[in-house]
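Dear colleague,

Please find the structure below for your records.

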Amino acid sequence: MPQTAEHLWLHRFAVLTALATLLLIGIGGLVTSHGAGMAVPDWPNSYGYNMFTFPVSMWVGGILYEHSHRLAGSVVGFMTLVLALWMNGRPAAKWLRWGSVVVLALGLVASTSAKVKLDNVLFLVGTGVAGFGISFVWPRHEAVSPRLARFGLLALVLVIVQGVLGGLRVTALADWLGIFHGTLAQCFLVLMCAIALVTSDWWARLKAESPPVAVPAKVRRFLLITTLLILGQLALGASMRHQHAGLAVPDFPLAHGKVWPATDTISLETYNRSRNDHREFKPITARQIHLHMAHRIGALVVFGHVLGCLLKLRRTMGAAHPVAKAAGVWFGLICVQFGLGIWTVLSNKAADIATLHVLVGAASLVTGALLTLLTAAWSGHSCPLPACGQERPPHAPGAGL
Amino acid sequence: MKSLILTLTAVAIVAGSASAGDVTGKITLKGTPAPEKEIPVDPTCGKLQAGKKVMTRFYVSDATGGLADCVVYLEGAKGGAASDKAVVIDQKGCEYLPYINSAQTGQPIRVLNSDPLMHNVHPTPAVDGNKEDNKAQMAGGKPLDFAFTKAEKFLRFKCDVHPWMFAYVSVFDHGFHAVTGKDGSFKITGVPDGKYKLVVEHRKGGKVEKEIEVKGSAKADFTIEAK
Ligand SMILES: [Cu+2]
């Protein structure tokens, strides 16, 4: 990879996009924590307005969260488009050109319909014309690397899917889509952070120098498993949040006063009647209590695994090794996350605490994923799965993600 | 001929009213419920309340202990006057009024907006066959009509702009239901003579029931214990 000034700016832009994604997840977390996911009943319009012309005076109550999330989503979507074009270079100018023609055509078709407001038509036509024009001057450079370019494309596809999922969750009144929307967001963040990492100078230097000791394959596999466990735990968390039923278990360390809560009909009725919350959540069900308990057990499993990663890396690489130090940070994050989980329960699911719990969860996943990627690269092996084949020597073709 | 029709009609009316009457009674709250909580409304909605605190409405009772917002119904009853008159719920000061309602399947539930700001009206039914919906309602917007095809107790309506706004509608597949007023009294009208199970359900206080016999009319009082 050539270490040009342009490459440096690409890396900086990738970091910025990753940060914007984290912020977007935070705002999305606030939307669900405040139960405001349906505060704007239409999509892609907002109360009949084009989302970019929706008057600020109407950004009140739950609308403020939901609308900010939509705008932030558009910003991240736009940044991802720029990043994908940047990473793909000259060949991508063609997509930009034809994509813009499609948008322009859509705008012209929309202009013939009385149902579509003028601001939407102008937005589509304007975007189409601008994209078409830009495609003749940018991008003109070579792709950074064919492999990396494909990841840029993947990011673009994911961000579009993610936007549509978020929209359908609103228009199809499908709470359950929120689970996928929340989980895909975490995966997208990992991809963005990975792109930011592998476009860095630091990564290029790392690939050039092989370390004296490679991280053993067993430990690398354990890192991967732990990271996947965290993803599973985040998916469980998203499932709990998108039930919109508040806390299925309101106490800690006990659960409804017991080590394992009762979930018979009479107990459920008692739990629901005794809830004294002005947020008047949906009644809790046995399934939600089981989900909640699974998340608590999941927390212990993840905690044990991350601790295991830390100990294994310290033992095999030495406590002073950067990878062992990074695992220390990871373990620290998990401890904070553990505390935030407890705090979420004790605060009766206060919106800001619950959202912080989502964000630190995202940070834990990213740390695990980047550590897995890093140790794999360090070992001259781009994939830590045994299924990926035999260990390749460092700098082998295909190892250079 | 004309007088014959009039006579027949009169007979029919008398016969009809002879076999159908009112079931009335009063629900009294026993015990002291947990105190209601103040709702942290936003400043715009606070202004509409003119300084009045907005409180939760879990147990609403009067000085005599009469418990409002109990849903009273004849379990398993059939028929009753099909009502096409809408059940009306207003949004005022960022609260739904009334809080607890009852309706028949298919009966229009009309939501008004008396506020100078917008709401979204979002019923969240839990019974299969009843459709979730979510509609915007601007200040001065037209009333919105909803209807449900399946019976469902305490079907929740919410506003997501103001996450403390809730109303409940219990939907029945017959016409014999009522909600207790401020004094805890209720009246189910047009009940044909016969034996019934009269059920009282309060969203927080739970359910009590009694076998009753309607002969012209019937009266039944209940107590609900605060939980
Ligand atoms: Cu509202």
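A polar contact is a pair of N or O atoms within 3.5 Å; within protein, one must be able to donate a hydrogen and the other to accept it, and residues adjacent in sequence count only if both atoms are side-chain atoms. Between chain A and chain B, 10 residue pairs are in polar contact, both residues at pLDDT 80 or more.

This is a predicted model, in which local features need pLDDT of at least 70 and side-chain atom pairs count only at pLDDT 80 or more, while totals for chains, interfaces and linings use all residues. Residues are numbered from 1 along each chain as its sequence is written, chains are lettered from A and ligands numbered from 1 in the order in which they are written, and side-chain values use heavy atoms, with hydrogens and water left out.

The interface

Chain A brings 24 residues to the contact and chain B brings 33 residues, where contact means heavy atoms within 4.5 Å. The two chains bury about 2300 Å² between them, 56% of it on carbon and sulfur atoms; buried area is the accessible area (1.4 Å probe) that two parts lose on being put together, summed over both. In chain A, the most area is lost to chain B by A:Arg273, A:His278 and A:Glu280, together 33% of what that side buries.

One salt bridge is counted between chain A and chain B, a salt bridge being a side-chain nitrogen of Lys or Arg within 4 Å of a carboxyl oxygen of Asp or Glu. The side chains of A:Glu280 and B:Arg203 form a salt bridge, at 3.3 Å from N to O.

The cysteines

The whole structure holds one disulfide over all chains, a disulfide being a pair of cysteine sulfur atoms within 2.5 Å. B:Cys45 and B:Cys94 form a disulfide with their sulfur atoms 2.0 Å apart, and their link is left-handed, with -65° about the S-S bond.

Buried means under 20% relative accessible area, exposed over 50%, and partly exposed in between (1.4 Å probe, protein chains only). B:Cys45 is buried at 1% relative accessibility, and B:Cys94 is buried at 0%.

A:Cys187 is partly exposed, at 28% relative accessible area, whereas A:Cys193 is buried at 15%.

Yours sincerely
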